[in-house]
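Visitor: Could you walk me through this one? I'm new to reading structures.
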Amino acid sequence: MKVAVIGRSEILYRTAELLLSQGYEVPLIVTSKEAPEYSRNVEDFRELAEKIGAVFVRAIDSDKILSVINSTSLIDVAVSVNHNGIISQAVIDSFPCGVLNAHGGDLPRYRGNACQAWALLNGEKKIGLCIHKMNGGDLDSGDIIVKEYLDVDIYTKITEIFEWFNLSVPGLFLKSLNLLQKDRSYILERQSVDPADILRCYPRQPIDGAITWSHPSEYILRLVNASNRPFSGAFCTYNGNPLKIWDAVNAPYEKFFAVPGQVTLIGKGFVDVACGSGKLRLLQIEYEGERLAPDELISSPRARLFNGII
């Protein structure tokens, strides 16, 4: 089976290596300028193409990709991760088995952007990872080939989910291709087209990590975890400066009166802060560029943390 590789990132590079090691041919590699956080760049993909004798294209334009596909021998299917552009239906149709995409969301719910962060904020008990066929012009809507889940709880950080995603995707692509090689019409699940079944997720920005202390402690904890590395972090204000919270847990329950954002307890390695309901126990913070235990910065129970502002 011949497989085109389209997109960017370390995940796609490792996927190509895995497919080659399992006997799949990769006659075409299409990539574009890497994002700053990627560990694999354009030259890495170029060198891989030269090593295996594949056609190499640096492009984001579907018409250019299509012209290269039409000039090569028939390629059965393509796999795509983080492609910097829209893959047209014409490109998808040029592959008999279509284009497979890896999506970090429990399709048909959680379509779109930042799905894993939204799922954490929404209190989901599991995070989905799908390999699905792409439909031109309709994001995350194609037939699902493979789906797996990661169990999560209120203490799960987005960091852990990304690590699971990065480790799992190459193997799930391989599993999908093995299924399609046996039966080219194979699907696990047809996605619903009923709007009631679809949850559209929109991008999140650093400002969305701003903490409002009048919210319940459980919601603030979910925000801390959903905004965690590799993102810029959930933040509040202390002494007029931004304070980021990287690690926290719910503080032990007690009945209390306090203003949201008020420090209620300082202990060895932690500080408790009153919320709209419940308290948040801070375990690791960042202040003026330094990461430290909160009790190294906050020493008075009269201290207040204020809502995050830019």
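Visitor: Which residues of helix 3 are buried?
Guide: In helix 3, which spans residues 62-71, the buried ones are Ser62, Ile65, Leu66, Val68 and Ile69, where buried means under 20% relative accessible area, exposed over 50% and partly exposed in between, with a 1.4 Å probe and protein chains only. Helices (H or I, at least four residues) and strands (E, at least two) are DSSP runs numbered from the N terminus. This is a predicted model, in which local features need pLDDT of at least 70 and side-chain atom pairs count only at pLDDT 80 or more, while totals for chains, interfaces and linings use all residues. Residues are numbered from 1 along each chain as its sequence is written, and side-chain values use heavy atoms, leaving out hydrogens and water.
Visitor: And what is exposed on the other side of helix 3?
Guide: Asp63, Asn70 and Ser71 are exposed there.
Visitor: What do the buried residues pack against?
Guide: The buried residues of helix 3 pack against strand 2 (25-31), strand 3 (55-58) and helix 4 (89-93), with contact meaning heavy atoms within 4.5 Å.
Visitor: New topic: what order do the strands of the open sheet have?
Guide: The seven strands run in the order 3-2-1-4-5-7-8, with mixed pairing, and two strands pair if DSSP finds at least two bridges between them. At the edges are strand 3 and strand 8 (144-151), each pairing on one side only.
Visitor: How do strand 1 and strand 2 pair?
Guide: Strand 1, residues 2-7, pairs with strand 2 in the parallel sense over four bridges, and Val30 in strand 2 is the bridge partner of Ile6.
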